[in-house]
Amino acid sequence: MNMLRILAAVSLAIALPTLSIGNDLSFEKDIRPILKAHCFHCHGEQGETEGELDLRLRRLILSGGESGPAMVLNNSADSLLIQRIEAGEMPPEDKPMSAAELQTLKAWIQIGAPTLRDEPDSLETGPYFTAEELTFWAYQPVLTTPTPLDGDIKQALEPIDAFILAQLKESGLQLSKPANRATLLRRLSFDLLGVPPHPDEIDEFRVDSRPDALERRIDRMLASPRYGERWGRHWLDLAGYADSEGYVDEDPVREWAFSYRDYVIDAYNNDMPMDQFVVEQLAGDEIVTSPLENLTTKDIRQLTATGFLRMAPDGTSAGGVDQSVARNEVIAETLNIVSTSLLGTTVGCARCHNHRYDPITQEDYYRFRAIFEPALDWKNWRNIKARQISLYTDEDRKIRNTIEEDAKQAEAERKAILDAHLARTLNEELIKAPDDLKDSLREAYVTPAKDRTPEQVALLKEYPNIQNISSGSLYLYSEQRARRAGELEAAASELENRIIKNLQAVYLAELPDETRQEIEAILAMATDDRTPEQMEQLGQHPTLLVNSETLADFDPSVADRVTTIRNMAKICRETDSKKQLADLQQGIADIRAKIPKEPFIRALTEPAGHLPETVVFIRGNHNQPDKTVQPGELEILNRIQERVIPSNDAQRSTSGRRLSYAKILTEGRHPLLPRVLANQIWTHHFGRGIVNSPGDFGYLGERPTHPALLDWLATELTDRGWGQKRLHRKILTSATWRQSSTRTPKLDEVDPDNRWYARQSLRRLESEILRDSILAVSGALNSKMYGPPIPVREDAVGQIVLGVEELDGERKPVKGDGLGNEAHRRSVYVQVRRTRPLATLETFDLPTLSPNCTQRSFSNIAPQSLFLMNSEFMSRYSTVFADRVMEQSDSSLEAQARLALRFAYGTPPTDSQLQRLVDFVQSFETQLALSEESDEADLRKQALTTACRALIASNAFLYID
């Protein structure tokens, strides 16, 4: 944080023209901004005056504090303020003053500490704004600007050009010549669609002699569904769109966030007026008047739009977090998203104290927060699921209830079968228990666990095979059914043999001694050794010859019991209860699978009649509440044109605050929103904005290079229906946009950063567009739109790749992504996990969502080259690219090389390009043939694959000319 503050101070000292040393220094213009940034928080702000020193006015500095006057006019060396700063005693270490700022302060004192005007008698009546702050460019009304008449008007094709030419004339420059048609169409396709044009389209455009050929192409592309995907992605950056909650390491997935993404794409494709687009996102729920059920298509759209206010990181549904902190962070980040994307203003910097650089007070921040407080009330918080709105209709519920009844009937049938299996298993296990314990064991088992006596508990513990019988363990008994059936059969045989022996023993005991002895001697002999007479003698005693077949004649009850046990063993062996119950459970699941999935909207809504109090937090600490505030516009804007936001709209069930504010923003003459939106559009066509700090139109942001043009664009947007497509046409048909990107020594000397637009800027493809372009030229791109995001997961080495997360028994990723053709969809549909950025995209500068992204960065680093050379992604799709080339051309190398170049660059290759690629493939084939035993076709494919990788890794592919 210290370093950030140091950099901010240095930036202020370097960037602002007011930090000059000279006799024209003044308190208001030069000194107050320095003191405000570094000193007001301890010396004047919110009644804080350490050492009784207030530095907010020149006369207060001169009056000084406990130590006396803080400055001596015309003598900076003897001024106490300078001495304390040079000694490092002030300001605090985390807000150091730069050497340039200190020198400016000393110079001002040295010339007598002049002011531009009389100072106010008191600062007690409210925020004090200097004339410089009140006249700051961003806060002034948007002007209806006449088109300049100076400059080379002959070059102008649109009013835009007149503004550009007027500025170029002052710099001694003029527009560059137009780019050739192939370059123009490729540039246009990337600008509007985010994918390269097909070579046939370029060929058609090159020979189209109609004067409106470009306009026709523009209209065709604006009508393409790819347009909404391309420009919707720009807005999703601003909104901080993510498919996960963030805040905690688990980074929970947002299941329904994608509906907001689809809303944005749809809005762009339908050219929804931007005023409506903004109003719906800020207050779509306040427009919907019907109950939140059986919603109309319009209701759904407007509610979905409020997903804009649900994009901030949200840890309020996570465990182990300080809820008060988490809730207030959601609110703070939501306000950051709204203010930077719609106002181009860093209102969030006033959360803990007055803004250090801009005329935004801490009270402003909490008035701004009060607009959203009824929906985001940290004291009466609704968690993530509670905020979801179901899209189920009454008909859906009826269908669900009918199917659920069928499922419950199937569950009841399964329960009956399960109970039967449990009863059967209990009987089977009791067979093996001692006869004198069977009844006691049964009674103990069927007694609920909480009601069992200590004796029953002890008894069951001795027989765990009975104690453990349950619905959860039944599968184990089923898996062991062969062993258990064998035990039952053994029990039946043991019982049978024991009873037979007992019958024989009783009968023998009743015989006379002599007869018994004779019979016992015969029985002791082997059957084959017995004489006929002995066999006849035994026949006179049938009880002694009893066996399993004749047992029923002697003891029917035992015979029946043996038969029953053997039947139980047969059933046990043949019955797979595990499979039967699993099949029944699957059947129940199949029934429920017919229930229409209940979709939800991730929306922001207000409880009816909910008007919570908003208070200022001292130093931003929610545990230190201060005074109550009402919803309101920034005071600096109210001083220029007052706008009132009622605390409650009596005509609505909600407070109406957000709707009122949305209408103020879109009235057409708000100083910030129209300029911010126009600047965003311009930025994406030229690679830099007229204000090249799109999220910060404040004091630390860049000043507009063409303020009159910015106001003209803003007026064109607001006065002509707020449609973006019309403004696209104005920009894309201008001579300024049509220029070539050729650099010249004079341009590099006069305007190296191309601030004056004397040429088109060379731009690298964004990460998503690079991936989409590779998919497109390889022929793999899947144009399916909308729906749940393509999931991402970690692969075996921890890299984030596309795929359904599936882990094996060792918690390692299973091979394969499980996506099929879904993996080839556009990058706008790839899941945005805050902690899992897709490696393919991250390498080329994915937007940093903190909490949103108002301006992307473009780096040029070694990992990008390594990715292009070695990544699995490039290897896979260069192979697919080569396959496409070989399939769509004849077998000659020249034809294949020509087609590959056309797909990659769009235009027919020059003879030199073609020959170089042919030579490369031939040379590589020769090298491969020396090291590999492959047929000619395989060698060709390998060499052509390498050539295709070189093409899609080249600057000509990576950059928009």
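Setting aside residues up to four places away in sequence, Thr447 touches Arg452 and Gln456, where contact means heavy atoms within 4.5 Å. Thr447 sits in the loop between α19 (435-446) and α20 (454-462); helices here are DSSP runs of H or I with at least four residues, strands are runs of E with at least two, and both are numbered from the N terminus. With 15% relative accessibility, Thr447 counts as buried. Buried means under 20% relative accessible area, exposed means over 50%, and partly exposed is in between (1.4 Å probe, protein chains only). From Thr447 to Glu936 is 80 Å in space, C-alpha to C-alpha, and 489 residues in sequence.

The model is predicted, so local features need pLDDT of at least 70 and side-chain atom pairs count only at pLDDT 80 or more, while totals for chains, interfaces and linings use all residues. Residues are numbered from 1 along each chain as its sequence is written, and side-chain values use heavy atoms, with hydrogens and water left out.

Now for the nonpolar cores. In soluble globular proteins, nonpolar side chains tend to be buried together. A nonpolar core is taken here as a set of buried Ala, Val, Leu, Ile, Met, Phe, Trp, Tyr and Cys residues joined through side-chain atoms within 4.5 Å. The largest one has 133 residues, and the members touching the most other members are Leu192, Trp235, Tyr260, Leu282, Phe308 and Trp682. Helix α15 (residues 323-343) supplies the largest share of this core, eight residues. Another core, of 40 residues, lies apart from it, and its members include Ile769, Phe867, Leu893 and Leu899. As for Tyr260, its contacts beyond four places in sequence are Trp235, Leu236, Ala239, Tyr241, Gln281, Thr304, Ala305, Gly307, Phe308 and Met311.

A search of the whole structure turns up six cavities of 30 Å³ or more. On a 1 Å grid over the protein atoms alone, a cavity is a set of points where a 1.4 Å probe fits but cannot get out, and lining residues have an atom within 4 Å of a point. Grid points are joined across faces, edges and corners, and a volume is the space filled by probe spheres set on the points. The largest cavity holds about 80 Å³. Its lining consists of Trp231, His234, Trp235, Leu238, Tyr268, Met274, Leu677, Gln680, Ile681, His684 and Gln724. Two or more lining residues come from each of α11 (225-239) and α31 (673-686). By type, the lining has seven nonpolar residues, four polar and no charged. In this count Ala, Val, Leu, Ile, Met, Phe, Trp, Tyr, Cys and Pro are nonpolar, Asp, Glu, Lys and Arg are charged, and the others, Gly among them, are polar.

Trp231 and Ile681 from that lining turn up again as contacts of His728, along with Leu192, Leu222, Tyr227 and His685, leaving aside neighbours within four places in sequence. His728 belongs to helix α33 (residues 724-732) and is buried, at 0% relative accessibility. In the loop between α32 (707-719) and α33, Trp722 has a positive phi of about 65 degrees although it is not a glycine. Trp722 is buried too, at 5% relative accessibility.

Helix α36 (residues 767-778) has twelve residues and spans 17 Å from its first C-alpha to its last, close to the expected 16 Å, which is 1.5 Å times one less than the number of residues. Eleven of the twelve are buried, so α36 is largely enclosed by the rest of the structure. Among the buried ones are Glu768, Arg771 and Asp772. Asn754 is in the loop between α35 (745-750) and β5 (763-764) and is buried, with a relative accessible area of 2%.

Two peptide bonds are worth a look. The bond from Met90 to Pro91 is cis, with omega near -5 degrees, and Pro91 lies in the loop between α4 (80-86) and α5 (99-110). The bond from Ser850 to Pro851 is cis as well, with omega near -5 degrees; Pro851 lies in the loop between α37 (839-842) and α38 (862-870).

Methods. 1 Å grid on protein atoms, 1.4 Å probe; cavity = no way out; pocket = protein on both sides within 12 Å on 5 of 7 lines; lining within 4 Å.
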